[in-house]
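Colleague: I would like to learn how to read the features of a model such as this one. Please take me through them in turn.

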Amino acid sequence: MFRRQAYYYASAAFVILSLTYFVAIINQAYVGLDLTNANGKWIVTSSDPDGEGYKLGIRVGDQILKVNNQDTGEYRFAQKWSEAEGASSIEFRRIVQPTDNIIKIPKSTVLLELLSEIPMIILGFAFWILGLITWYKRPFLVQARALFWLNWFIGLAIVLAPASSRDLIFARELEYITLSSVPLYLIHFFSVFPCEKNSLVNRFGRSMLALIFIIILILTVLQSVGIVHFNSSLKKLVLTNLIIGILLVLWNLGALLKLPNDKPEKNQANILFWGMSIGFLPFFLLTAVPVIFNVQPIENTEVSYLFMSAVPATLYYVIVHKYLPDSRRLLKMTIAFFFEGIFTSIVVTYLLFFLKVLKPLNLEVPLAVFSLIMLAKVSFRMIHLIIVKLLKKIGWSGVEQGLDQKVLKLNERLASLHEEELILEEVVKCLRVEGALLVAQNAKGGYLKKAAGRFLEKPDDQSRLEAYFQADRRINIGAKKLPKDFPAELYILLDSNDFDCGIFIGHRSSRIEFQREELPLITLISSQAAQRLITAFVIKELSQEIKEIAQRSLINQRKIQRLQGITGSLFKSIEQERKSIARDLHDGSLQLALDLNRWLDDIAEECPSAKGDKAIAHMREVVENLNFELRSICSDLRPPSLNDLGLLYAIQIMCEEKMENESVFIFLEIVGISEGVRLKEEVELAAYRFLQEGITNAVKHSGSSKINIYIELNDSELELSVRDFGNGFDIVKIDDWPLTSEHFGLIGMKERLQGIGGELQINSIIHQGTTLKVSIPR
């Protein structure tokens, strides 16, 4: 937002400065005298014919004695800029007359002279407005933003020129500063457009121009406060700096002209090169060179400024318009335009001379006539374009465009259209034909048909043209004219995105037949329209497929959720069944076995002779083994320590039992949980079963003598892992286990964990071991 406001603030500042100085120009006449101090005498070195001093009789070489009734050396503008601007009276002495003369300078600008200044103001505003419009239309383009500031500075320098010539307050200083900054912005702009360039020449040129700008800035400030008096040298330095910047820009554009013809940057560079040349060359020849080399200009310098209007117009046109005409055609038109102007100016000059309207015939006369004629031609061309656009807007059919212009316009419209239903309608409207029909089909059975104009209203014509398309598919790719009895005049067969596409173009509304040389253009624009329609059709089909896939995915997801619910219920039922079996074994078979063991002890005590009986001893050993097995089975089915003592005690007991019964070492690491902490029953049970299954698998399959167990409880979940250092396995085969009836323990473990929102990760490397990791929500 801040960056956007900067452009608005800059525009407001431009308008305020321009209007302020314009009002000041109205209230102060232009004197037009340049002075020099020669041994204490102030001599006129230049007297502008358009200035009041020249009109009142002051010529080059005259001595200025007093300005506003004070000595010339004490007059502030004579001290500061060696000029007599702002004077209301001047006392001078001519070379040929020893007497002194006093003239009165008008207080305000004469209306006729003011009208001569207005084109400069308009030109400055044209630079600024075109830069603002370019930025407004393309605000996200670096080139558009760079063009805004370039045009802002050029426009302000041009607007300040009339005020600077009158020595209005700070006008000369602002003109020098803005004009000396223009080369920097020129180099910056053309280093990012038409393509980015960061060559050694650009870097050196930018550094040199920045150094000259700093020197000009310092000298301008010193000149303004009266410390130094380098007015003439300062003006030459400013113009030299501007010429260097222009030459660097033209060098950059000239380098791009070496690009291949198929590169769009070459076309853009060509248009910009000729636009910049036409705009700046007259300024270079008619204004800058005479001032730098102290030569009298052969033409009014303001004429050269008018040619600069080509610069903002060219830059705006190239940046804003996405599709540009061939630069070679524009160059031919421009050359023809200038030769017409030169020939016309010569004829008009000699005609005025023979009619004795013009008495002296020097180089200045034809140049002035040429400038006026070129200005008139441009003005008439602009008026013609405005009238044509207005007539087109109101729908007057008398204004006819060429086919290439129609295709160019249609191409721009197609690029901005987003509704596929309007594409063929736009083709019909721009080509001014009765109708258009598109038929496309691919090998997969996709079929597309779109109609506009008369074909939309006449299904019989559609059917006839469809039949023609089906008969002519893949026979004659390209465009051809149809027989006159057909409802369409042109048939264009294309191959686009695996589609056989036929486009039928109806007869022109004017009934004028298409020419053979027009067919390539029509084929090109028709193929673009067909590409847009087919792409939209393919996208629509893909969208439908994606929608169907999403629906199937939703159905499958619901099935998975139901299966997970069933699986969770199944595991709960299994645990309940295990609990019930363990209780039955504990309360039934185990109690009977214990009772049998007590009876055997009683028999041994009551019958001392039976103690040595081998049968009794064997029976007692079998009963003890039976008791042990029954207790083990009960513990495996439902470990009582898990319900009574909690998860950690149960895990510790399980690890101790495993190490007693198996030749394995188990290392247990616990983080964030103490022995008294209890979790939800289903969480504790799932964690216990996971560790039980993991340890059993490691002992049974890994061949490792060491197992690491890690348990961590945080705010959101319980994390557990079992790691061995044994054989490992190929994890790619995990997905095949349900199909091969292998490792149902891990499969069941995964299903159990998913039922309560847990997640199982299995990592294994052959001969390096396996890690099972699980996270269970608290």
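Modeller: Start with pairing: two strands pair if DSSP finds at least two bridges between them. This is a predicted model, and strand S1 (residues 33–38) meets strand S2 (residues 41–47) through six bridges, in the antiparallel sense.

Colleague: Which residue of S2 is the bridge partner of Asp34?

Modeller: Ser46 is the partner of Asp34. S1 and S2 make a hairpin with two residues between them. Asn39, in the turn, has a positive phi of about 60°.

Colleague: How many bridges link S2 and strand S3?

Modeller: Two bridges join S2 to S3 (residues 63–67), again antiparallel. Ile43 stands opposite Gln63 of S3.

Colleague: What holds such strands together in general?

Modeller: Strands of a sheet pair through backbone hydrogen bonds, and the pairing can be parallel or antiparallel. A further case here is an open sheet of five strands, ordered S8-S7-S11-S10-S9, with antiparallel pairing.

Colleague: Which strands stand at the edges of that sheet?

Modeller: Strand S8 (447–453) and strand S9 (478–481) do; each has a single partner strand, so one side of each lacks a neighbour in the sheet. From one strand to the next, the twist averages 10°.

Colleague: How many bridges join S7 to S11?

Modeller: Seven bridges connect S7 (residues 435–442) with S11 (residues 499–506), and the two strands run antiparallel. Val439 is placed opposite Gly502 in S11.

Colleague: Which strands does helix H15 touch?

Modeller: Helix H15 (residues 423–431) packs on the sheet and touches S7, S8 and S11. The direction of H15 makes about 40° with that of S8. Helix H17 (residues 459–472) lies across S7, S8, S9, strand S10 (488–496) and S11, and runs at about 40° to S7.

Colleague: Turning to helices, how many residues does H21 have, and what distance does it reach?

Modeller: Helix H21 (residues 647–661) has 15 residues and reaches 21 Å from its first C-alpha to its last, close to the 21 Å expected at 1.5 Å a residue. The buried residues of H21 are Leu647, Leu648, Ala650, Ile651, Met654 and Cys655. They cover an arc of only 160° around the axis, so they lie on the same side of H21.

Colleague: What does H22 reach, and what follows it?

Modeller: Helix H22 (residues 681–702) has 22 residues and reaches 31 Å between its first and last C-alpha, close to the 32 Å expected at 1.5 Å a residue. Gly703 follows H22, with a positive phi near 75°.

Colleague: Is Cys655 buried or exposed?

Modeller: Cys655 is buried because its relative accessible area is 5%, and buried means under 20%. Cys501 also counts as buried, at 0% relative accessibility.

Colleague: How many disulfides does the whole structure have?

Modeller: A disulfide is a covalent bond between the sulfur atoms of two cysteines. A search of the whole structure finds zero disulfides.

Colleague: Where does Phe729 lie?

Modeller: Phe729 is in the loop between strand S14 (717–724) and helix H23 (737–740). Phe729 is partly exposed, because its relative accessible area is 23%. Phe729 and Ile766 are 37 residues apart along the chain, yet their C-alpha atoms are separated by 5.0 Å.

Colleague: What are the totals for helices and strands in the protein?

Modeller: The secondary structure comes to 24 helices and 16 strands. Of the 778 residues, 42% count as buried. Among contacts between residues at least 6 apart in sequence, 64% join residues at least 24 apart.

Terms used: Residues numbered from 1 in each chain as written. Predicted model: local features only at pLDDT ≥ 70, side-chain atom pairs only at ≥ 80, totals over all residues. Heavy atoms only, no water. Disulfide = S-S within 2.5 Å. Buried < 20%, exposed > 50% of the residue type's maximum accessible area, 1.4 Å probe, protein only. Helix = DSSP H or I, 4+ residues; strand = E, 2+ residues; numbered from the N terminus. Expected span 1.5 Å × (residues − 1). Arc of directions from axis to C-beta. Axes fitted to C-alpha atoms, helices over the stretch in contact; angles between N-to-C directions. Contact = heavy atoms within 4.5 Å.
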